[in-house]
Amino acid sequence: MPVTTTALLELRDICVSYKHHQVVHNVDLTVDRGEVVALIGPSGAGKSSLLRSINFLEEPNQGQVLLAGQRVGVLDRRGRAVPANRRQLAEHRRHVGMVFQSFNLFPHLSALENVILAQVHGLGRSRSAARERARQELEHVGLSDKSNMRPASCSGGQQQRIAIARALAMDPMLMLFDEPTSALDPELGIEVLNTMRRLADEGMTMVVVTHEMHFAEEVADRVVFMADGRIVEQGPASEVMNNPRHERTQRFLSAVKNR
Ligand SMILES: Nc1ncnc2c1ncn2[C@@H]1O[C@H](COP(=O)(O)OP(=O)(O)O)[C@@H](O)[C@H]1O
Ligand SMILES: [Mg+2]
């Protein structure tokens with residue numbers, strides 16, 4: 001497949017439906033290497049569905065996803081596109097780290113073991129290499145001292161940072177975040193946002209669905225506003241946040257800012 005773009009991620013004409021209910025309509029979105037994109041919009045806009053379509057957790061019923069120029073979820077067999085099987089999909093997903101609102105950590109395992117496990121099972125890394133890498137990533141997110149703790153002994157913010165360390169240990173090309181702080185008290189959310197800000201500064205490519213308008217404005221390079229399954233407006237973060245052009249964006253922003 002020829003590489004026609006310098007973009008790391010390219011979504012072309014993506015549609016997502018549940019049964020006969022279409023929730024994402026013909027979305028095009030390109031994300032460059034090192035770019036941080038904040039995806040904002042009202043509840044039900046289709047943000048999560050779009051994000052999940054990137055690694056085929058939600059299979060788009062139309063359109064193409066390209067990661068580093070390679071089709072995701074589809075293989076090129078002598079010029080014909082055929083759906084990827086489960087193993088091939090798992091291979092595609094390895095390159096995309098995903099962090100959700102819920103942390104999905106194993107409760108009976110220590111923080112360190114949680115970060116080791118996916119590497120051993122997903123990448124086939126040796127336990128010793130995985131342990132070394134887990135130590136590095138827990139340090140990266142500021143949790144060296146929690147390595148031996150179980151998730152229940154950690155705060156929500158710490159648990160989310162363990163989940164981020166687990167994703168980073170898989171060497172993702174791209175990190176996707178779906179409202180990573182919305183289950184947290186504001187104070188604990190801040191430590192997670194600071195960790196994400198550090199990743200952004202280090203050059204990680206990120207797409208972040210967020211209600212944190214300060215984060216969108218200060219950390220994101222670009223803000224994409226979605227409503228009713230479509231991208232209504234996008235542009236440089238400060239422009240969209242302070243000077244939205246579309247009435248729908250203006251209405252949303254004034255509602256969240258006046259909350
Ligand atoms: N698994 C699902 N089955 C059926 N409908 C869904 C499912 N997930 C989301 N939806 C519907 O799709 C629409 C978009 O949802 P979602 O992508 O979660 O939006 P957002 O993340 O912007 O709140 C909503 O109307 C929601 O009810
Ligand atoms: Mg959502």
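Strands β11 and β12 form a hairpin with two residues between them, and aspartate 228 in the turn has a positive phi of about 50°. This is a predicted model, in which local features need pLDDT of at least 70 and side-chain atom pairs count only at pLDDT 80 or more, while totals for chains, interfaces and linings use all residues. Residues are numbered from 1 along each chain as its sequence is written, and chains are lettered from A and ligands numbered from 1 in the order in which they are written.

Strand β11 covers residues 222-227 and β12 residues 230-236; the two pair in the antiparallel sense over six bridges. Strands pair if DSSP finds at least two bridges between them, and helices (H or I, at least four residues) and strands (E, at least two) are DSSP runs, numbered from the N terminus. Valine 223 has glycine 235 of β12 as its bridge partner.

The axes of helix α3 (residues 111-123) and helix α5 (residues 156-168) come within 8 Å and cross at roughly 30°. Axes are lines fitted to C-alpha atoms, for helices over the stretch in contact, and angles run from 0 to 180 degrees between N-to-C directions. The contact is made by Ala111, Asn114, Val115 and Ala118 of α3 and Ile162, Ala165 and Arg166 of α5, where contact requires C-beta atoms, placed from the backbone, within 7 Å.

Terms used. Two residues are in contact if their C-beta atoms, placed from the backbone, lie within 7 Å.
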